[in-house]
Amino acid sequence: MPSLRMELPCLCLLFLSCLQLLSANNDFFTSIGQMTDLLYTEKDLVISLKDYIKAEESKLQQIKQWADKLDLLTATATQDPEGFLGHPVNAFKLMKRLNTEWGNLETLVLSDTTDGFISNLTIQRQYFPTDEDQTGAAKALLRLQDTYRLDANTISTGDLPGVKHKSHMTVEDCYELGKIAYSDVDYYHTELWMAQALKQLDQGEESTLDKVTVLDYLSYAIYQQGDLERALEYTKRLLELDPEHQRANGNLKYFQFQLDKQRKTEEDETQKQVKREKRETSDKKKKNNNVSNHQIPERKKYEMLCRGEGIKMTPRRQSRLFCRYYDNNRNPKYLLAPVKQQDEWDRPYIVRYLDIISDKEIEKIKQLAKPRLRRATISNPITGVLETASYRISKSAWLTSYDDPMIEKINQRIEDLTGLEMDTAEELQVANYGVGGQYEPHFDFGRKDEPDAFKELGTGNRIATWLFYMSDVTAGGATVFPDVGAAVWPQKSTAVFWYNLFASGEGDYSTRHAACPVLVGNKWVSNKWIHERGQEWRRPCGLRETE
C-alpha cells in the first residue's frame, strides 16, 4: 500500500512581513489601518485550515478505499475459507496483508496531519489581539452608542449609516458586550445589551447561551439602577425557567422586601412632595426658559455637535463667511494658480483649503507612517510625562523631511500658505483612528498652569494648528469646538487651519476642540503644530490681550 504524502504549504513571505509589522505593535483596536493586517492574518489561517481539512479528507479517503476493498475480499473469502486459501496467490497475499499492509494502515491512521496548521496557528497567535483589544473594541461600541444615540437593536442588526458590509451581532456578541459593561460596574449598558440578547433569544435565534444566564445579569443590572419593579419582574421570569435557581430565589425575597419598603416611603412623602412641586413649578419654568449654550455641560455639547446638532451660527454671522481663491499676499508660487480657501468659522477664525494635498501624496504619507504607528499619547498635565489615555483612541507616527523629499515639499506648502516659519514647527504627525476612534475635548496650546508644556522643545507655545484630512469618513469623525458650536467635517484632500494663540501670545480658549468618534469608516489625518519661535516678524505681537 502506498504511503500517504501530505505537504501543507508554509507561510508565505507576504505573511511573514505582516507578522514582522504586527510584532512591533499592540493596541490593534486603536487603529483601523493596522487592523486591516489582521484580516490578512485571518485569511492565511483559513487557507491553512482548509489545507489541513484537505489532508484529513485525503487520509480518510485512502482508509475508506482500503476498508471497502477488504470488506469485499473478506466477504468472499469467508464463504469458503479453505477453497480461497487453496489458491497459493491468495495465501501469499493474506500473509503480506497481515504482515505489511495492515502495519502501513496503522501508520496512516496514526499519522498527524495537524502539524502544518498547528505550526501556523502557533506562530500567528503571538500576534493576535489581546483581551485589552477585545475590551477596547467593545467599549468603543458602547461609546458610539452613547455619542450617536443608537439603540442596541440598531447596532446589533448592523443598520448603521452608509455601511457597505452589514454585519449582524449574535446573542453571544450582545452578551459579551453586556458582560464587559458589567465588569466596569456600568449597569446602564449591561441592561441594554442583556435585554438585546434576551430579545434575540425570544425571537428564536439559536445560541449556546440560555435565557436563565441572561436574565440573571439583566435583573441584577436593573436592580442596581433602582428599578425594583422591573428587577422583580425579570427575576420571576427567571424562576419560571429554573425554579431551583438559588440566587434568583434569594433575590426574589430581597427585591420584594425592598419594593414594599420603597412604596411605604413614597406614600409618606406624597403629600409633602405635592406641596413642594406647587411652589417650585413656576420657578422651574422661568429657569428653563433661560437655558443657554453656556449652561449645557461640555460633554453634552460635544456629543450634540458630533451628531450635527447644537448651537447654530446666526444668519448674520454666516453671511460674513466667504470662499475665495487665495495666494497669500501674492506669493509667487500661487499667483498663477491660487488655492481654493473657504471660511469655516468666524470666532475662532477657521479656514479650510480645498484640493490642497493629492491622492499620491496621501498614499505616500500613509505608506511611510503605517509601519511606525504607535498608540497616541497625551502629556500628563501634572507630571508632563507622555502616556496613553482612554479618551484618545488612535495611533500616530511622526514623519520628517529626511524620510522622504515629499514631506519637505508639504512643509513648504504649509509655510507658503500660512506665512509662518516651519523650521521651529513640530514634525508632521500622522494619525489613524481605531474602532470608535476619538480624541475628547482638549487644547493644542500649553496653558498658564502648564509652564513646562513644551519647554524641552525650546520653541515656545503652539501658535497655530494645520490639519490635513486624508480620507473621507462615512459617518462621524468631525472636528468640533464645543465652546463655540463649530463642527468641521472630514473631507479628503482638504486641510483646516486656525491660530491657537492671540497675537498677544495669550491662549485662545475658544479653540478647545475634539475629534468625534468614527461611527463608520476609516479616518486618516496629519497635522502640523506650529510654534511661536521664528514668527516674530511673520506675525507681530498685538497690544491687546485678545487681539
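**Exercise 1.** What percentage of the contacts in the protein chain with a separation of 6 or more is accounted for by residues 24 or more positions apart?

*Solution.* The structure is a predicted model. In its protein chain, residues 24 or more positions apart make up 74% of the contacts with a separation of 6 or more. The secondary structure behind this figure is listed next. The chain comprises 16 helices and 17 strands. Of its 547 residues, 45% count as buried.

**Exercise 2.** Determine whether T465 is buried or exposed, and identify its contacts.

*Solution.* Step 1: locate the residue. T465 belongs to strand β10, which spans residues 462-469. Step 2: apply the cut-off. Buried means under 20% relative accessible area. The relative accessibility of T465 is 3%, so T465 counts as buried. Step 3: list the partners. Beyond its neighbours within four places in sequence, T465 contacts D444, V496, F497, W498, N500, K528 and W529. With D444, the side chain of T465 forms a polar contact of 2.7 Å.

**Exercise 3.** Describe how helix α6 packs against helix α8.

*Solution.* Step 1: take the geometry. The axes of α6 (residues 131-147) and α8 (residues 171-183) are 10 Å apart and form an angle of about 95°. Step 2: classify the angle. Values of 65 to 115 degrees count as roughly perpendicular; α6 is therefore roughly perpendicular to α8. Step 3: assign the residues. Helix α6 contributes Q134, T135, A138, K139, L141 and L142, while α8 contributes E176, L177, I180 and A181. Six are nonpolar, two polar and two charged.

Notes: Residues are numbered from 1 along each chain as its sequence is written. This is a predicted model: local features need pLDDT of at least 70, side-chain atom pairs count only at pLDDT 80 or more; totals for chains, interfaces and linings use all residues. Side-chain values use heavy atoms; hydrogens and water are left out. Helices (H or I, at least four residues) and strands (E, at least two) are DSSP runs, numbered from the N terminus. Buried means under 20% relative accessible area, exposed over 50%, partly exposed in between (1.4 Å probe, protein chains only). A polar contact is a pair of N or O atoms within 3.5 Å; within protein, one must be able to donate a hydrogen and the other to accept it, and residues adjacent in sequence count only if both atoms are side-chain atoms. Contact means heavy atoms within 4.5 Å. Axes are lines fitted to C-alpha atoms, for helices over the stretch in contact, and angles run from 0 to 180 degrees between N-to-C directions. Angles under 35 degrees count as roughly parallel, over 145 as roughly antiparallel, 65 to 115 as roughly perpendicular and the rest as oblique. Ala, Val, Leu, Ile, Met, Phe, Trp, Tyr, Cys and Pro count as nonpolar, Asp, Glu, Lys and Arg as charged, and the others, Gly among them, as polar.
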